[in-house]
Amino acid sequence: MANDCIGQVVEDMVSNMPSGGVLVLENLRFHHEVVQNDPEFAKQLASLADLYVNDCVRNAYKPYASTERVVDYLKPAVAGLQMKKELHYLFEDVSYPDTPFVGIVGGSKLSAKIGVIDNLLDKRVNHLLLGGGLIFTFFKAQEGSVGSSLVEEDMLGPAESLYMKAARRGVEILFPADIVAANWIAACAEVKDDIDPFEIPDNWIGVDIGRKTIDRYSQVLDSAKTIIWSGPMGLYKIEKFSTGTKAIAEKLAGLGGRGVKTIIAGADTVAAIKKMGLAEKMTHISMGEYACLQLLEGIPLPAMLALDDDPVEKVVPEDESDDDHC
């Protein structure tokens, strides 16, 4: 292993490598020029190699010297197998899904998932199932009583716009019919089941989807051919608030065994699936974390666009010119 990633010592080590040898360079992050997308640093890095393969989706959303600028000086520059796999599932299968196509979106904040929801509506998802803390911004926008549940006041307008867009597109958005509420967020909290999400008591917090909602969502999922899931259904890290997330995960695991395409994206959702030991039963578990959310928003990643084989262009529909965005 080299003690740096550029410089004369590293160049000498590369020159002395035997045929078939492997040299691991020191972490690039020790050089601030990486995040500055510095062309001189990229040129030095490129001088060590004959070709470039990028197989790290996780950092592909940032224009780094080691992921974007380096390809100006190093050809060929191509996507690795893992990157191509991520693009296949998160771009191609979302753009051209086997139908019925069902999206499941959860997580705590609508602001973090509004781009994903908007893009799924553009892709003509047939059904959109919502859960997690973000649902309470929708309920508040419809003048529901949500107790002390998380609400993003600045997202009330966008929430209404998404709902109207879904109606125009003929997409069925399903909201929880019942939720689990707690008097505070802790393992020892008091819990109430079968709560109307529009009538949460004062000072109580929505923490999970309820049993009626689980059954309703399961019925919709039974008809699906392609399912994309991003965001847990509740505060799954606390055991008593994890029922909804577990139920949806187990449902998808069963459907995957029957040939339904199940795609899991987002760090929390992936963590929940792995914690339950169900990762092997899903069609695809994304390793892209934040980058995968950008792909689900329909945003090509800088490091991917820079590659010679242009993997993004191969899977982005050419005829999408819809201006109906929130």
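Q: Which residue lies over the face of Trp-204?
A: Lys-192 does, at 4.3 Å from the ring centre. A charge counts as over a ring if NZ of Lys or CZ of Arg is within 6 Å of the ring centre and within 35 degrees of the ring normal.

Q: What kind of model is this?
A: A predicted model: local features need pLDDT of at least 70, side-chain atom pairs count only at pLDDT 80 or more, and totals for chains, interfaces and linings use all residues. Residues are numbered from 1 along each chain as its sequence is written, and side-chain values use heavy atoms, with hydrogens and water left out.

Q: Aromatics next. How many aromatic pairs in the whole structure?
A: Six. Rings of Phe, Tyr and Trp (its six-membered ring) pair if their centres lie within 6.5 Å; planes under 30 degrees apart are stacked, over 60 edge-to-face, the rest tilted.

Q: How do the rings of Phe-139 and Phe-175 sit: stacked, edge-to-face or tilted?
A: Tilted, because the planes are at 55°, with the centres 5.7 Å apart. Phe-139 is in helix H5 and Phe-175 in the loop between strands E6 (172–174) and E7 (179–182), so the pair ties together parts 36 residues apart in sequence. Helices (H or I, at least four residues) and strands (E, at least two) are DSSP runs, numbered from the N terminus.

Q: Is Phe-139 buried or exposed?
A: Buried, at 1% relative accessibility. Phe-175 is buried too, at 12% relative accessible area. The cut-offs: buried is under 20%, exposed over 50%, partly exposed in between (1.4 Å probe, protein chains only).

Q: Which residues form the aromatic cluster?
A: Phe-136, Phe-138, Phe-139, Tyr-163, Phe-175 and Phe-198.

Q: Switching to H4. How many of its residues are buried?
A: Ten of 13, so H4 is largely enclosed by the rest of the structure. Among them are Leu-110, Lys-113 and Ile-114.

Q: What follows H4?
A: Arg-124, with a positive phi near 65°.
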